[in-house]
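Subject: Structure handover

Hi,

Here is the structure I promised to pass on. Have a look at it first, and then read on for my notes.

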Amino acid sequence: MDRIDAMKVFVAVVDEGSLAGAGRRLRRSPAAVSRAIAFLEQHVGAELLHRTTRSLKLSEAGQRYAMACRRILTELEEADILAGGERTAPRGTLTITAPVVVGEDVLRPLLDAFTTEYPAVTVRLAMLDRTVNLIDEGIDIALRIAHLADSNFVAIKLGEVRRVVAASPAYLAQHPVIGEPEDLAKHRIIAMTHFGIDSWSFPPAKKSKVARAIQFTPRLVVNTIRAAVASAAEGHGVTRLFSYHLGEVIRDGRLQILLAKDEPPPVPIHMLAPQGRLDVPKVRAFVDFATPRLKRYFERLTREASRNAGAKAR
């Protein structure tokens, strides 16, 4: 059996979460999929998958082997495409990762338009609120919201997002005024695990060089953005999130931004790609398609958030 083909089957099983799902994706029988996995396990001398009648799970060796397979298959695809020269049309599977909310709200509609324009490209979008190793996991493009450390990746800046404090007009009408970060100690806090569950940091006050850490006991702690937004929009407290999380609820007036003058510096958003991937037609096509659209999106978001904060300040 061809080992590269067996690797493709193995990766499909991992992606689909089942032998049957991989069979449907590759148009192969369950028996053929099982034979490919058995071939690889015999070749490497280790069990790659723990299989029961109800579940399928990667073994420790399988996790390492899956990352290696993705890297090898990506490099092979890249070599094949580059050998075809610049005239090669965008095709194949494009793998992208992004945080969950930006993936759902921003990238997903953009990818619908991209795949319509480039019908020979299939996109695999992994929405994860964790840092992904682009090389080991075979990722072509990543959206990162962070200050980047020096690396060998190609980084294209798309814009910036703010860390904003927000509450609903109904909540603010019934509770003490929030004019300074210290006022938050008197309020119901809806904490999101990524943004601090018992304190929020703010820049130093005037004539001070020491950052302010505002301590609180949250009334609600959640681990998803949408839960924090919904609870705050329904008037149950004050939350802190990135500005792009709040675009729609700010526009329709369900939340308003507070403490704009005390916000930390904005956080940059970058599109990252491993060195050499921009030479691959499908990756170059996506970067050229997505970059101006994403820049316009984040520029508009910044303007809207600034207008909202300015209006409330007046």
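First, a term you'll need for the helices: a crossing is called left-handed if the near helix is turned anticlockwise from the far one by less than a right angle, and right-handed if clockwise. Helices (H or I, at least four residues) and strands (E, at least two) are DSSP runs, numbered from the N terminus.

A word on where this comes from: it is a predicted model, in which local features need pLDDT of at least 70 and side-chain atom pairs count only at pLDDT 80 or more, while totals for chains, interfaces and linings use all residues. Residues are numbered from 1 along each chain as its sequence is written, and side-chain values use heavy atoms, with hydrogens and water left out.

The axes of helix 1 (residues 3-16) and helix 2 (residues 19-26) come within 8 Å and cross at roughly 120° (axes are lines fitted to C-alpha atoms, for helices over the stretch in contact, and angles run from 0 to 180 degrees between N-to-C directions). That makes helix 1 oblique to helix 2; angles under 35 degrees count as roughly parallel, over 145 as roughly antiparallel, 65 to 115 as roughly perpendicular and the rest as oblique. Six of the residues in the contact of helix 1 with helix 2 are nonpolar, one is polar and four are charged (Ala, Val, Leu, Ile, Met, Phe, Trp, Tyr, Cys and Pro count as nonpolar, Asp, Glu, Lys and Arg as charged, and the others, Gly among them, as polar).

Helix 1 also packs against helix 3 (residues 30-44), at an angle of about 110° and with the axes 9 Å apart. That makes helix 1 roughly perpendicular to helix 3, and this crossing is left-handed. Among the residues in contact are Met 7 and Phe 10 of helix 1 and Ile 37 and Leu 40 of helix 3. By class, the contact of helix 1 with helix 3 has 10 nonpolar, one polar and one charged residues.

Strand 3 (residues 92-98) pairs with strand 5 in the parallel sense over two bridges, and Ile 96 stands opposite Ile 141 in strand 5.

Strand 8 (residues 189-192) and strand 12 (residues 238-242) pair in the parallel sense over two bridges, and Ile 190 has Thr 239 as its bridge partner in strand 12.

Salt bridges

The structure holds 21 salt bridges (a side-chain nitrogen of Lys or Arg within 4 Å of a carboxyl oxygen of Asp or Glu). One to look up is between Asp 140 and Arg 277 (2.3 Å, N to O). Asp 140 lies in the loop between strand 4 (121-127) and strand 5 (141-145) and Arg 277 in the loop between strand 14 (267-273) and helix 9 (281-313), so the pair ties together parts that are 137 residues apart in sequence.

Cheers

Note on methods: Two strands pair if DSSP finds at least two bridges between them. Contact means heavy atoms within 4.5 Å.
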